[in-house]
Amino acid sequence: MKGAKVYIFFLFFVTAGTCLRAQTVNDSVFSKTVVQRFRLTDAARDKAGVIETLSPAETLLLFVFLSPDCPICKNYTPVLNALEAAYQQRVKMIGIIPGTTYNASTIRAFAQKYKVRYTLMIDKKRELTKYLHATITPEVILLNSKYELLYKGAVDNRYKDLGVQSAKATVPYLEDAIANYFGRSNIAVKRTKATGCRINDF
């Protein structure tokens, strides 16, 4: 009987531990080592590579998840281009196109048409996408040099939902997060809901 009680307690302990591990999804701190392990395709050169280390001048790493056919992604290219121009010396901005739907040629055409200023990379296996818990295009993920999450979600509050948008944004979430970080102020809004096209598993 005593042995049975010990076994039941052990089973409960293991089960509880498993549940706790299953519930723990840490999307607040990432690993530089893991991120740099994923091989992506640089769309400009159509060549496989990895995310490069931040240069001495760069402080933040900004991932922008995009889809060339997504209307909201297209509409945000001027905003993102302006941010890249304003912070190009201090923020490494990388556009990520998940999956195999779009080849390098299609992505280069998108970049040329919308004058995309930053690097575009294809995450064919969606390994980086899944690791960073990205689910929508456009969705932005801002990390500091320790790969800690500073902001995740929408670029701004222009789009309330699919098909529901304001004439102009009144709260530039991403820009505020970057400006507050460099201004040594607290980032008031660290997470928002991204609105756009769902990232599919292909």
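What follows is a conversation about the terms applied to this model and the values behind them.

Mentor: This is a predicted model, in which local features need pLDDT of at least 70 and side-chain atom pairs count only at pLDDT 80 or more, while totals for chains, interfaces and linings use all residues. Residues are numbered from 1 along each chain as its sequence is written, and side-chain values use heavy atoms, with hydrogens and water left out.

Trainee: What makes up the secondary structure of the protein?

Mentor: There are six helices and 11 strands; helices (H or I, at least four residues) and strands (E, at least two) are DSSP runs, numbered from the N terminus.

Trainee: How many disulfides does the structure hold, and how do you know?

Mentor: The structure holds zero disulfides. A disulfide is a pair of cysteine sulfur atoms within 2.5 Å, and the sulfur of Cys73 is 3.7 Å from the closest cysteine sulfur, in Cys70, so that pair is too far apart for a bond.

Trainee: Why is Cys73 called buried?

Mentor: Buried means under 20% relative accessible area, exposed over 50%, and partly exposed in between, with a 1.4 Å probe and protein chains only. Cys73 has 0% relative accessibility and therefore counts as buried, and Cys70, with a relative accessible area of 1%, is buried too. Over the whole protein, buried residues make up 43% of the 202 residues.

Trainee: Which residues have the most contacts inside the largest nonpolar core, and what makes it a core?

Mentor: A nonpolar core is a set of buried Ala, Val, Leu, Ile, Met, Phe, Trp, Tyr and Cys residues joined through side-chain atoms within 4.5 Å. The largest one has 36 residues, and those with the most contacts inside it are Leu62, Leu80, Leu120, Leu142, Tyr151 and Leu174. At least two residues of this core come from each of several elements, including strand S3 (60-65), helix H3 (71-87), strand S7 (139-143) and helix H6 (173-182). H3 gives the most, with six residues. A second, separate core of 21 residues includes Val34, Phe38, Phe65 and Leu128.

Trainee: With which residues is Leu142 in contact, beyond its neighbours in sequence?

Mentor: Contact means heavy atoms within 4.5 Å. Leaving aside neighbours within four places in sequence, Leu142 is in contact with residues among them Leu60, Leu62, Tyr151, Leu174 and Ile178.

Trainee: What lies over the face of Phe182?

Mentor: Arg90 does, at 4.0 Å from the ring centre. A charge sits over a ring if NZ of Lys or CZ of Arg is within 6 Å of the ring centre and within 35 degrees of the ring normal.

Trainee: Is Tyr131 buried or partly exposed, and how do you know?

Mentor: Tyr131 is partly exposed, because its relative accessible area is 23%. This residue lies in helix H5 (residues 127-131), and ring pairs link Phe30, Phe38 and Tyr131 into a cluster. Leaving aside neighbours within four places in sequence, Tyr131 is in contact with Phe30, Ser31, Val34, Val35 and Phe38.

Trainee: Why is Lys115 called exposed?

Mentor: Lys115 is at 63% relative accessibility and therefore counts as exposed. Its place is in the loop between H4 and S5, and its phi is near 55 degrees, a positive value in a residue other than glycine. Asp46, in the loop between S1 and strand S2 (47-49), has a positive phi of about 50 degrees although it is not a glycine.

Trainee: What kind of peptide bond joins Thr137 and Pro138?

Mentor: A cis peptide bond joins them, with omega about 0 degrees. Pro138 lies in the loop between strand S6 (136-137) and S7.

Terms used
Rings of Phe, Tyr and Trp (its six-membered ring) pair if their centres lie within 6.5 Å; planes under 30 degrees apart count as stacked, over 60 as edge-to-face and the rest as tilted.
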